[in-house]
Amino acid sequence: MNKKLLITFISLAVVVLLVVLACAIFIVGNVTVETTSDTALTEGECNEIIVDSKIAKFSSIFALSEEIATANIESKHPTLQVVQIERKFPNKVVINVSKRTAIMAVKTDQGYVLLDKELKVIGVEENISDKFLAQVEGLQPAEYQVGMFIKGCDYLTKLVKGAEEMSFLGERFGAFFTKVELLEGYVHLTTNTGVVFRLNICQDIDKLLKQSYNFYLNVASSEQKKSGYIVLTEQGFSHTNNIE
């Protein structure tokens, strides 16, 4: 046999062997669920997540689509967030999940619609008096379904972003900000002490929020924190008892 042809044949054989070994070794054999420290799931719930992910055992681990699996899980489990889906070679897949926390509530004919930081509807309840939730006012009435995301509310998304940068995470958001109201081009944030942050919706609300909070902490008197408004003027932030 021609030496060059022999080398080509051996090379092809090696490639075929490697492909066969890859198909045999890098297949999904074990799928598990891991949770964050603040999330507890039963064995049955973990098994449901694995089934709902539709990650097929004995399929190629390279063909796994994290996006599709995430969408499959979150559509069936709206109160959970898939943090990450890890491939652990050669044949293990780990689904990392966390519990979504409601931080806002919108009153509707259906009851109080609960929203998490991504403005995802994670539940509907009749009474929220025992929860730390900021009540949102000024949204247009709509049919809210569990699992859907609220669209067209960039100001709320920016508020949450600014609040998180100040460490108002999870229930801390609703514990401090008791009401969020959209009113004539401004967002009014009512604090648990009584004073309202008045933020222009046409500006960088996340930055205004942090600056307002800085004024609240370091400049406002104890009496000013109980009522009135913290507003941005041409001279900077100040407190006023009334707005025009």
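Q: Which residues have the most contacts inside the largest nonpolar core?
A: In this predicted model, the largest nonpolar core has 38 residues, and those with the most contacts inside it are Met104, Leu156, Leu159, Leu189, Phe197 and Leu209.

Q: And which helix gives the largest share of this core?
A: That is helix α6, residues 205-218, which supplies six residues.

Q: What is Leu209 in contact with, leaving aside its neighbours within four places in sequence?
A: Leu209 is in contact with Leu159, Gly162, Ala163, Met166, Phe177, Leu189, Phe197 and Leu199. Apart from this core lies another one, of 17 residues, and among them are Val31, Leu64, Ile73 and Ile95.

Q: OK, on to helix α2: which of its residues are buried?
A: In α2, which covers residues 43-53, the buried ones are Cys46, Ile49, Ile50, Asp52 and Ser53.

Q: What do those buried residues pack against?
A: They pack against the strands β1 (30-35), β2 (80-88) and β3 (92-99), and also against helix α3 (66-76).

Q: New topic: where is Phe58, and is it buried or exposed?
A: Phe58 sits in the loop between α2 and α3, and it counts as exposed because its relative accessibility is 65%. Phe58 also has a positive phi, near 70 degrees, though it is not a glycine, whereas most residues other than glycine have a negative phi.

Q: What about the peptide bond from Phe89 to Pro90, cis or trans?
A: The bond from Phe89 to Pro90 is cis, with omega near 15 degrees, and Pro90 lies in the loop between β2 and β3.

Note on methods:
Residues are numbered from 1 along each chain as its sequence is written. This is a predicted model: local features need pLDDT of at least 70, side-chain atom pairs count only at pLDDT 80 or more; totals for chains, interfaces and linings use all residues. Side-chain values use heavy atoms; hydrogens and water are left out. Buried means under 20% relative accessible area, exposed over 50%, partly exposed in between (1.4 Å probe, protein chains only). Helices (H or I, at least four residues) and strands (E, at least two) are DSSP runs, numbered from the N terminus. Contact means heavy atoms within 4.5 Å. A nonpolar core is a set of buried Ala, Val, Leu, Ile, Met, Phe, Trp, Tyr and Cys residues joined through side-chain atoms within 4.5 Å.
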